[in-house]
Amino acid sequence: MVKIKTILTILIYCICILGVAPVFLYLDVICRLIFVTSLIAGIIFDRKGRHYIHGLALTILSIVFFFYYALRISSDNLVSPAINILVTLLSVRLLTEKTGRNCMQIAVLSLFTLAGSSLVNLGITFLLHLVLFLLCIAVFLVFQTFYATGINTAICVPDLKKIAATALSMPLISLPLMLVFFMIIPRTEYPLWNFLNSSGQKVTGFSEKVQPGSSTGVSESKNVVFRAQSRRLADKDLYWRGIVLDTMEGKTWVRSSVREHENTFVEKGSTVHQTIFPEPNTSPYLPALNLPVNISGVQAGRDPDYTFVRRQSRQKRVKYDSVSVLADFIGIHGRINKEHYLRTPAGTSRRIMSLAQKISLEGTTDEEKVMRLGQDFVTRKLSYTNNDLPRSEDPIDEFLFSNKAGNCEFFATSFAQLLRVMGIPSRLVGGYYGGTYNDMGGYYLVTEDMAHVWLEAYVDGKGWLMIDPSRFATNYAQRENRFGTGLFKDVRLMMDALGYYWNQTVISYDLEKQVQVLKKTNDAVRGLRFSFESRKLIYFVFPPFLCLLFIILRKKFRYTSLEEKILRTFIKKLRQKYPDARYGPDTGLHDMVKSIDDPAARQFVEYYAGVVYRDRKLKRNEYDRLRELADRI
Amino acid sequence: MNLPKRDEILHVIETLASRYLRGKIRAVKLSMIALLSGGHILLEDIPGLGKTTLALALSGALGLSFGRIQCTSDLMPSDITGLSIYKREEAAFKFFKGPVFNNIVLVDEINRAMPRTQSALLEAMEERKVTVEGITHPLPDPFLVIATQNPMEQVGTYPLPESQMDRFIIRTGIGYPPENIEKTIIRGGSIRDEIMQMPVLLVQNDIVVARQCIRQDIYISDKIVEYMYRLIRETRNNPLILSGISTRGGINMADAAKARAYLEGRDYVIPEDVQSVAVAVGAHRLVLNQENEGLNKEELLDSLLKNIEVPLA
């Protein structure tokens, strides 16, 4: 035996947790604390059966919280205070006794909070919470109806199961409806939060300038930057080209606003097609596998240095296709503006200058000089690290000669700067290196911590040669495999694949794509081979299907005979006129009219029974006569 | 609509119920239904409520011969059927008919007779003939047995087995008459003498004609058959009931419903006909589970009936 009250209390806690969980991380710290404490306090109060804080105090508390957050609402900060208000009000309600009214309030507030969470995050977890929430609320509402019979009623477990099953069937029945709404209701393609709070959000991914020595550490954020659907590639080819930085401003590398005209070409090589799904961000640069030759799907322009810039910088979930060639240099016809790529800021340290001079003497051609510099990096035993980065006045000098440890920025900038001093044009390339291949989804997952900088050096007669000086680090191999290992990695990859499909099919849903998927499925089905012809299958599948349809329709729109029709009219009239007479499924017509003093009704019954109980069908004129009698009642 | 002899029969019921058997209209009607449908009736009630009077009045009004058997535990089958006695003058055995050779036979306290005698009687009821010493004697037509039994007294009785209960088309009680009627009856005293002198209201042939009409002309629709069948099926499937209404029970129910329709002046059966006879026809045929033996069979069957939807269209 289980008490209804216990069930209701458990369900209401489930409901409020399900409502708040999706927004919990977006709440203020105070608000989080309030929610957790009042949840625990509420449970304790309920167990003890006493509620120590009384109504008036709670009302005042709610008003205080309301004003505190309401005052913080502004045009660009709308969602956050609203959700905080909802959660604090909910927390206050949790402290009260779980009466029917309070429970309903908690349920409604939770529903609003859950709805509010869709403004913040539209991930697949929202769907999960929503479904669970609906199931809970359906069962809750059904049990809530027991209030009339008394909250302390206890029911036995089989009955409980029966009630719960009935209640659960309600949301299940509504599923088809949900699918229909999914098809027709317009939706946003990114969380409204991003839209409403766009000014406050940082650009994800690589930065548009490289400034070694600006911080001591680099965050190891696992936030997804983009997913690229492509075939599996060798690890050494996983350079995702984003931006080219060609100018040094002091110690900072930036992208100059003037584009040098270069007559470039790419040698024929292995071609890789990718479809890239970036997470929404404000960066106009479209990363793609090095070297991207063509990008389609979004309006983008290609700069001569193979940087693709999006024309419309809208923060929206997009996808684009890229065709890349696995080449390690960009060929140049004619000449380039060497001046532009040789500019170095004043104040290059003496040690760097002498090192450059020394290596220049060792090699004769540009290519040889580049090779020599690489060898020098190797012999220097530089190590790769993301922590304790050099932060002195001249971080490059410190990196090369004393600290000898740094991240890709230090490797690339120092290498590029040395090249420039040696008279070899060079530029930095920013992007990502690596990617975790998701076998389930067939895509590479690229996260923020994979941001990488390498460089290109101009070699006469050949073109822009790609060099990744980070490879010269002693511990370079350890940089691999940063996505965890073993089971943890598998689970993470699976979750990511689920999220990927969710974004693909639900968030950025459009009808055209669904039709395509349908067509694909159709093609796939056609491709299947059965032991007999698939056409024959139609003959096996369709007749039973049609039969089933027919039976269902027949049940639904059963042919109503004249007898049923006139009988319905008669009983309706009789009920209107004589509501106190005996009706009911166990009452015959004669019994119905026995106590009624109505000659027309009696005549009707005599006449009607004479037809029906003689197994005759009503004729049209008989029907009319009965109709007339019924009207006279 | 032509229902021969209906008016006369209604007149008999009217006269009996208003003058001689006041307050027993239901029992009179059911007896008439039993007579018209060719079955027998079992009156089950405590003594002194007019069971015998009912039987006497019925036979008197219908102008039928009447025989009475008072059952005891030493009653022999030959006491019912009759026996052959050697006649010296004729130098041969002569068969003397027993009380069963009458149109209406009142078998009082049938459960006091020993099973052997009971079965002889029940056989006569079913076969409508009696075979004694190799010679078959047909019983008169119409033939109606009105058996009575006292449900309260159980000592020294041989309760009728279920299979034999099935032979009675109708079992009913009589019940106490309404208060004011009972007072009049008490004041007026016994009316046995009056009954003995009551005029004959019907001739034997009238009953035969009416019976034929009921058998041939009263229409019973498929819907009504379905309705009855559903009731029967319910009695068979009900967990409280060990064995439900038999097929013979179903036939009897249809016959009784037809007779009732005849009395109501219709040549077709309506669900109300079934409802009014179902309990009287069906209840005594139910065999309840051992643990539910205390239940009232009438009420049980009535509740089953109330759960079945009446066919209206």
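In this predicted model, A:Ser117 is found in helix α5 (residues 100–120) of chain A, where helices (H or I, at least four residues) and strands (E, at least two) are DSSP runs numbered from the N terminus. A:Ser117 is buried, with a relative accessible area of 1%; buried means under 20% relative accessible area, exposed over 50%, and partly exposed in between, with a 1.4 Å probe and protein chains only. Leaving aside neighbours within four places in sequence, A:Ser117 is in contact with A:Pro22, A:Val23 and A:Phe126, contact being defined as heavy atoms within 4.5 Å. A:Phe24 stands 93 residues from A:Ser117 in sequence, and the C-alpha atoms of the two are 9.0 Å apart in space. The side chain of A:Ser117 also reaches the backbone oxygen of A:Leu114 at 2.6 Å.

Residues are numbered from 1 along each chain as its sequence is written, and chains are lettered from A and ligands numbered from 1 in the order in which they are written. Local features need pLDDT of at least 70, side-chain atom pairs count only at pLDDT 80 or more, and totals for chains, interfaces and linings use all residues, while side-chain values use heavy atoms, with hydrogens and water left out.

The contact between the two chains takes 20 residues from chain A and 20 residues from chain B. Together the chains bury about 1,600 Å², 54% of it on carbon and sulfur atoms, buried area being the accessible area (1.4 Å probe) that two parts lose on being put together, summed over both. Across this interface 2 salt bridges are found, a salt bridge being a side-chain nitrogen of Lys or Arg within 4 Å of a carboxyl oxygen of Asp or Glu. A:Arg614 forms a salt bridge with B:Asp267, with the closest N and O atoms 2.4 Å apart. On the side of chain A that touches chain B, at least two residues each are supplied by α17 (562–577), α18 (589–594) and α19 (599–612) of chain A, and α19(A) gives the most, with 5 residues.

Over all chains, a search of the whole structure finds 31 salt bridges. Within chain A, A:Asp303 pairs with A:Arg255 in a salt bridge whose closest N and O atoms are 2.5 Å apart. Because A:Asp303 lies in the loop between β11 (300–302) and β12 (308–310) and A:Arg255 in the loop between β6 (252–254) and β7 (263–265), the pair ties together parts of chain A that are 48 residues apart in sequence. A:Asp303 is buried, at 16% relative accessible area, and A:Arg255 is buried as well, at 13%.

A salt bridge also joins A:Lys573 and A:Asp631, with the closest N and O atoms 3.7 Å apart. A:Lys573 lies in helix α17 and A:Asp631 in helix α20 (residues 620–632), so this pair ties together parts of chain A that are 58 residues apart in sequence. A:Lys573 counts as partly exposed at 29% relative accessibility, and A:Asp631 counts as partly exposed at 41%.

Chain B has 13 helices and 11 strands, and 54% of its 313 residues count as buried. B:Asp141 forms a salt bridge with B:Arg211, the closest N and O atoms lying 3.2 Å apart. B:Asp141 is partly exposed, with a relative accessible area of 42%, whereas B:Arg211 is buried, with 9%.

Definitions and conventions: A polar contact is a pair of N or O atoms within 3.5 Å; within protein, one must be able to donate a hydrogen and the other to accept it, and residues adjacent in sequence count only if both atoms are side-chain atoms.
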